[in-house]
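Hi,

Here is the structure I promised to pass on. Have a look, and my notes follow below.

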Amino acid sequence: MWACRIFSSLAVIFLVISLIIGYIAQIPIENEEIINRMASNIDEKMDAFREKNQTAFVVGYTGEVGKEVVKELARTKIFSNVFLIGRREVKYEDELFKDFKMEQKIVDFDKLDDFANVFKGHSVGICALGTTKGKAGKEGFIKVDHDYTMKVAELAKAGGCKHYNLISSLGANKNSFFLYTKVKGQVEEETRELGFERATVYRPAVLMCDRQESRTGEWFIKKVLAPMEYLSPGSMTSPTTTVAKAVVNTIISPVTQAFEIIEAKAIHRLTKPQAAKACKMQAATDDQATGVTDTQTPVATDTKAQEAAEP
C-alpha cells in the first residue's frame, strides 16, 4: 500500500512539474527579433567594438556574476582597459588574465562621493553589486542593493558613462510585496530616471554556480531546479557564465532602445547564436507561408500589445 501511495505522489509531482515546464517553455521572449539580432554575428561585432578603444568599469567583481563578467571580459578583450572598483583587491593569477589590461581601484562604499574620479571617463559601466537579507540583514541588504547601487549609477552618469549595465533579478517589481524583488524593482526604475544614453537591465533567474559561501536554502532550490536548465534553458535558472556572456554580447551590439530589460530567457538566447539563427529562419518561413513580407505594415494589435507590455 505504501508503495502505491509513493508511486501516486511521485506521478502527481511529475505531472505538475511537466505542466509547469510546458507552460514556461511556451512563454515568448519579449522583443525576440531584437534579441536574435543581438545574438547574431558576434565575432564580427566584437572586432568592430574593439576598434572603438573604449574603457569600462565593473563594480561587484567579487560576486558570483561579477567574477564571471571579469573572466568574460578577459577572454574577449573588447575593452582597451577595465577598471575593477571595489572594497578589496583580488589577485588574478590564472593564464586567462595574462594579457588582460585592468586596474583595481579600492573604494569605501560609505564614502563613494570621495572617489568620484574613478568613475569618470568610462564609456561602459557594469554593476553587479548585491547581497541577501539572510547574509546582511534587512538594513544591510537595502544599503548594498539600493543605496550603494544607486550611488554607483549616479556617479557613473555624472562621470560620462554612455552604456550602463545593471544586474537585477527575475521578478523585480517596485510594487512587489517581497523585499528582495521590491528593492530590485525600485533600483531599476531609479536607474531609468537617471537618463543614461543606454541602460541595460538583466533579470537572471536563480543563479546556477558553485558559491564559496554556503546558503542552505539556495542550495536546495538549485538542486530542485537543476533539471530545468536542460528541459527549458533560461526559464527558471541562469548559469552565471551565461549571464556574463549575455552582458558582453549586449555591450557589443548596437543600441536598440535607451532603456532595455533583458529577461532570463532572453539572457539565454543572447548566448546561443545558432538558436537565434534558427528562430529567424523559422520566422521567415512562417512569413512566407502566410504571405507576410518585411514591407508589410505591422497590424495595430501587435503595437498595442507591445505598449501594454512596457514596464
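The protein chain exposes about 17800 Å², and carbon and sulfur atoms supply 55% of that (areas come from the Shrake-Rupley method with a 1.4 Å probe; for residues, only the protein chains shown count as cover). Keep in mind that this is a predicted model: local features need pLDDT of at least 70, side-chain atom pairs count only at pLDDT 80 or more, and totals for chains, interfaces and linings use all residues. Residues are numbered from 1 along each chain as its sequence is written, and side-chain values use heavy atoms, with hydrogens and water left out.

Of the 311 residues, 42% count as buried (under 20% relative accessible area; exposed is over 50%, partly exposed in between, 1.4 Å probe, protein chains only).

On to the charged pairs. The whole structure has 16 salt bridges (a side-chain nitrogen of Lys or Arg within 4 Å of a carboxyl oxygen of Asp or Glu). One of them pairs R269 with E32, with the closest N and O atoms 3.0 Å apart. R269 sits in helix α10 and E32 in helix α2, so this pair ties together parts that are 237 residues apart in sequence (helices are DSSP runs of H or I, at least four residues, and strands are runs of E, at least two, numbered from the N terminus). R269 is buried at 12% relative accessible area, while E32 is partly exposed at 30%.

R192 and E189 also form a salt bridge, 3.6 Å from N to O. Both lie in helix α6, three residues apart, about one turn of the helix.

Cheers
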